[in-house]
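Reader: Hello! Could you take me through a close look at one part of this model, and show me what surrounds it?

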Amino acid sequence: PIRAPFTPTVTVVIPAYDEDRVIRASITAALASEYPELRLIVVDDGSRDQTYRRATDAGWNDPRMTLLHEDNQGKWRALDTAIARIDTDIMVALDADTLLRPDAIARLVRPFADPTVGAVAGKVQIGNQRNLLTRLQALEYTVAQNIDRRAAEVFNGLMVVPGAIGAWRMSAVRKAGLYSGQTLAEDADLTVSILRAGYRVVYEPEAISVTQAPDTLGGFMRQRLRWTLGMMQTGWKHRHAAREGRAVGLISIPDLWLSGVVLALLAPIADLVFLGAVLSVGTALAMGQPVATAAVPVQTIAGYLALPLIDLIAALVAFGFERRAPWLALLVPVQRLVYRPLFYVTVYRATWRAVTGRLAGWGKLARRVTARRP
């Protein structure tokens, strides 16, 4: 006999703060989902613009939608306000600039048929690939989701169910203590809490949303500062997870500190060593001396130049999971020379903010309504 599809009750939650340019499209896309008995809660977190009015216009005649308004208290509080109203099995949390594909929710909830699954991360695509910066972000997303996220899922160490598309088992969320304001990365904080509560967190690559990435350098740097500082706070908050013997504490959090912080802080030193090696070899050649007399061996240069090749291989493997041509992989050299140094600057800024205690808020972007509909 053919088994009926797994369709748990679902509530979509969209927290919003000053999102009047994008909130209507997000609500429209969510309500157009091909999923039975869907409910939607939109929480206006004290917006100063027309967010509440735009949200009202978008769902005024749809009984599935509930619109709430509260004083500005932060994204985590807006999410918890919605959770207090939820009586469904699953919550799908979305950013206000996210456009869901019609089949995204149906695909996102399938892994919950396994009662050990506490949260599911979907795939985020960038819908405004209109300049070099947004295309570099699209390349980064593709590699991170198809390589890093798949690898972390193998040992149940996936640290972030993204705000742009993620589903949560409500019993797991309540057991983990709901969203918290103790970090700037409330989604990562809750993800790790659910892992520590004994659940699995999985990745569903067929559940796709389209989001709007920062298309200016200033907006990008502000976003990444908040993300980096939030992840550092999450790693510090859950620093004792290793004692529990779970992979998130033994592998994921140490990797966060090593790869995401320590190596990023040391990266400029490696760049200086490379430049020194180039100058040393160049000087030897200019003086008619054997390259072997250079102060820094040629192997150092060769090893450094191999890094873009490794990046290219990773990008091609990542695009092997996609259904589109890997033309973005051509940007790998630009990513190595221009994009990655921006992350190093961000880590230095985040470290300074962490030391001085200067945190951040919602980290608003200037919306341009350039993301394409699913």
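I am looking at Thr142, which lies in helix α5. Is Thr142 buried or exposed, which residues does Thr142 touch, and what does α5 meet in its contact with α11?

Author: Happy to! This is a predicted model, in which local features need pLDDT of at least 70 and side-chain atom pairs count only at pLDDT 80 or more, while totals for chains, interfaces and linings use all residues. Residues are numbered from 1 along each chain as its sequence is written, and side-chain values use heavy atoms, with hydrogens and water left out.

Let's start with your residue. Thr142 sits in helix α5; helices here are DSSP runs of H or I with at least four residues, numbered from the N terminus. With a relative accessible area of 3%, Thr142 is buried (under 20% relative accessible area, using a 1.4 Å probe and protein chains only; over 50% is exposed, and in between is partly exposed). Leaving aside residues up to four places away in sequence, Thr142 touches Ala318, Phe319, Glu322 and Arg324, where contact means heavy atoms within 4.5 Å. The C-alpha atom of Thr142 is 32 Å from that of Val355, a residue 213 places away along the chain.

Now for the helix itself. The axes of α5 and helix α11 (residues 332-356) come within 11 Å and cross at roughly 95°; axes are lines fitted to C-alpha atoms over the stretch in contact, and angles run from 0 to 180 degrees between N-to-C directions. The two helices are therefore roughly perpendicular, a label for angles of 65 to 115 degrees (under 35 is roughly parallel, over 145 roughly antiparallel, and the rest oblique). On the α5 side the contact uses Leu132, Leu133, Leu136, Gln137, Leu139 and Glu140, and on the α11 side Val332, Val334, Gln335, Tyr339 and Phe343. By class, that contact has eight nonpolar, two polar and one charged (Ala, Val, Leu, Ile, Met, Phe, Trp, Tyr, Cys and Pro are nonpolar, Asp, Glu, Lys and Arg charged, and the others, Gly among them, polar).

Finally, the core. The largest nonpolar core has 52 residues, and Val12, Ile14 and Ile27 touch the most other members; such a core is a set of buried Ala, Val, Leu, Ile, Met, Phe, Trp, Tyr and Cys residues joined through side-chain atoms within 4.5 Å. Helix α5 (residues 132-154) supplies the largest share of this core, six residues. A second, separate core of 37 residues includes Ile86, Tyr179, Val192 and Val248.
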